[in-house]
Amino acid sequence: MTLLRLSGIRKSFGAVQVLHGVDLDVGRGEVVGLVGDNGAGKSTLMKTITGIHRADAGEIEFEGRSILDLDPGQRRALGIEMIYQDLSLARQQDVASNIFLGREPTKKWFGIIPGIVDRAAMDRQAAEMIRRLGAHLPAMNRAVGSFSGGQQQTVAIARALTFDPKLVIMDEPTAALAVREVQGVLDLIRRLKSEGIAVILISHRLNDVLAVTDRIVVLRHGRAAADLETARTDMNEVVACIVGGSGAQAAAAHEGRGAAT
Amino acid sequence: MSSELARPGLWTRAQRGSVERLHIRLESLLVLLALAAVMAALSPYFLSFSNFLNILLATSTIGILAIAATFVISAGGLDLSLGSVMGLSGVAGAFVTVNLGVPWGLGVLACILTGALAGTVNGQLVTRALVPAFIVTLGMLGIARGLALVISGGRVIYGLPPELLYLGQGRPFGIPMPVVIFVATAIVAHCVLAYTRFGRHTLAIGDSEGAARAAGIRVDRHRRVLYTLSGALAGLAGMLFMARINSGDPTAGLNYELTAITAAIIGGTNLFGGRGSILGTMIGALIMGVLQNGLNLLAVQSYYQQMAIGAVLILAVFIDQYQIRKETRS
Amino acid sequence: MGRRLATIRGSALALALAVMSTGPGVLAQDGQYAVLMKTLSNPFWGAMGQGVEDGAKEAGIDYFIQAVESDQAAEPQLNVCNTMLERQPVAMITAAINSTNLLPCLKTAQDRGIPIVDLDANLDPAVLEAEGIEIAFRIGSDNVAAGAQGAEYLVSRLGAEATGPVLVIEGLSGNITGQRRAQGFAQRLGELAPGLEIVASLPGDWDRGKAASITNDILTRHPDLVAIFAANDGMALGAVEAVYAAGLGDQVTIIGVDGNSDAVKSIRDGRLNASVAQLPYLVGKQAVENVKKVLAGETVPKDIAVPTLVLTREVLEEGSEPLLQYVK
């Protein structure tokens, strides 16, 4: 069943056309890898989904309903969540503060003074969230800046989960991680899938993409150049699609033309 | 959750506990107590209730400015105009009550509103004109001081109404009013910074503006509120000092912004934002207060006092950085 | 895990408080005089401190002296004043930074029956009366008279018929001492030589560099400037530099106030023309001597004016003036 459907998305910045009519479908609980060379338009495409950019032409449907006219906040309310590469974490704050940043649960003191952050509830729910992800953090009350990259990724994902998302877009979640931590993050993605949450995974690390996705969409020069079923493809095919044509000759030609942007 | 913890030593555990519950670093409290013990050993006059009140009284104006500094700095900002705005506010309050003869309550209001207005100007310039806070508040430092001298004609405005004097000189239950107001302000400010959404967002903005924006916090509006709050607190400090000496002194609060920032930093506020607590700042201010009081009792020249405070500042930040590095490594 | 810590912390604090409240407060040595200066980072105050020390030594008096970091640190001085009272002195000798900053402390001192001396006459008698504070005596130089002496010297040098522009460099805006000196000078000059016109009277903030800049600016506008009166020697020496740099050393008569060692040197070198010397050493010495009399029950005058002395190259080289021994 289709959760998100993009059709004919076009987007230019001034004279530069970045997206030339992209079609993309994501099913409920499906993990889709989005790959492509630098400048292929991956980030722009994701930002038209979250609403930061407005598509020039085309249609975006979420759960069968057009969301083109909605602003980022409204789209988030519908269940579209994005985790940026920098994770947007407050590094000196602890886990719960980050997970609930901007939406802290409050209580009243002595039944009259309102607006007091309910630390106990926050800590409890944060711990619950981490447990739900099957992850381990060294301590809940420590500044997340002292955590490893993978642990920070866990916090960022846990934060996204509190919005009860139906679709999580992750931008290069494994790029900055030590090798031994990558597996943990891939496990988290599988965990999301098992909870029925769809994931769009943007990554340069094709091994990771092949390991965790259901489908792989290759973006090239602003078009969806290929839509591959992960189980029926391999590294060579994906690379070939990214560089265009098959083999090194085409890749060289691609390099010769330079990137699109 | 404790089962997930490694087994850290008592010291580390104690620290985490203190960070968690009271938002202070244990070292600073130990330094304060150690300093008090040293002073008590060196001077027979140190340990008395009246001297204890003396220290609090001497810390009251600086302490309130340090509260303001903590709010602004932990949000990644800076307010260099605190001392000047304090001076301007006192002059404004004295001017309206003495020269214009308005009732004392309006005099109090004039002090706080003058400060808040200066803070609002700071906030608008920082968030809308996008002039760096250092520059804006440095400019305000000069403007406010100059305005104070202009309004007062360069001399102290003497002779406040008795109700106002009570705020500076009254002693309910033997405790000086400035101390009462200072402590009450500190308690409220601590709760706001440590326990409310406003406070959590303040720290988050100083920690990572991007994260705060991504979380939907209205960062610019929040900053404007903080600068206004900072100005209003400087106005409160100006009012207290004015009432204490029964006059608006245009030179009041000279260089206080640096002392206030020092207190905040000694108390564990991160100069670059993201971390700070009022309780910590109060300990920082008291460390400086005890140091000054003790050295005064020992009749040590003021030059050495300045050296001592400078050394404490560097030491405090060093210990802080050391702890953070250790924590990050673990 | 936090609970045990909270207990430790709690008991440490309680211990500290307990010790504080039972601490001894009766160890005060009898007979200490408390001397509170503005700052010691200025030869003037240094000399006064020396006078206090010598006076105390001669009279066999026990004293302690304190100052703050600058002569603008009004509230710090008040805090130091309060702290000094903890030592339970028998007399408070204070040089207040302005006419009001020490009021609460002085009130407390009065309530405890400690006699108060206004050192260098910084307190305003009207304010003291309004606050109900009665001081034992005030002692210092008459700053209005010092300014007038400067005018008298200028007229004795240029003649009563002289004409031309004159610059006055005041002290810190709002500081009563600077205002009195400038006022005394202007008044007397108007009486003695109306042809000498004060074209500008600007605050130099006791700052040598600022005084030099002011002098430069005024010389640009009035190249025929004939005289400069500065409310202290530091500023006068700044003016000297600016005037000599402009090559007008022979044309402009420069007068300072204080008689500090830098000024004396400059006068000997023939650059600064005159300084109305205050005798801070004498002020300090006589303050202590008079407090001793007050404590012994003798009466002393309420207002003790220590004389001032116009220092010029001639006076210095002759060396016969008896007050010269107090010029430090």
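Because 12 of its 13 residues are buried, α5(A) is largely enclosed by the rest of the structure. Helix α5 of chain A spans residues 149-161 and reaches 18 Å from its first C-alpha to its last, close to the 18 Å expected at 1.5 Å a residue (1.5 Å times one less than the number of residues).

Turning to chain C, an open sheet of 6 strands is found there, with mixed pairing and the order β7-β6-β8-β9-β10-β12 (strands pair if DSSP finds at least two bridges between them). The edges are held by β7 (196-203) and β12 (309-311) of chain C, each with a single partner strand, so one side of each is left without a neighbour in the sheet. From one strand to the next, the twist averages 20°.

Within this sheet, β9 (residues 253-258) and β10 (residues 274-277) of chain C pair in the parallel sense over 4 bridges, and C:D258 stands opposite C:A277 in β10(C). Helix α9 (residues 233-245) of chain C lies across β6 (164-170), β8 (227-230), β9 and β10 of chain C, and runs at about 160° to β9(C) (angles run from 0 to 180 degrees between N-to-C directions, with axes fitted to C-alpha atoms, for helices over the stretch in contact; contact requires C-beta atoms, placed from the backbone, within 7 Å). Helices (H or I, at least four residues) and strands (E, at least two) are DSSP runs, numbered from the N terminus.

Residues are numbered from 1 along each chain as its sequence is written, while chains are lettered from A and ligands numbered from 1 in the order in which they are written. As the model is predicted, local features need pLDDT of at least 70 and side-chain atom pairs count only at pLDDT 80 or more, whereas totals for chains, interfaces and linings use all residues.

Technical notes:
A residue is buried if 20 or more other C-beta atoms lie within 10 Å of its own, exposed if 12 or fewer, and partly exposed in between; C-beta atoms are placed from the backbone. Two residues are in contact if their C-beta atoms, placed from the backbone, lie within 7 Å.
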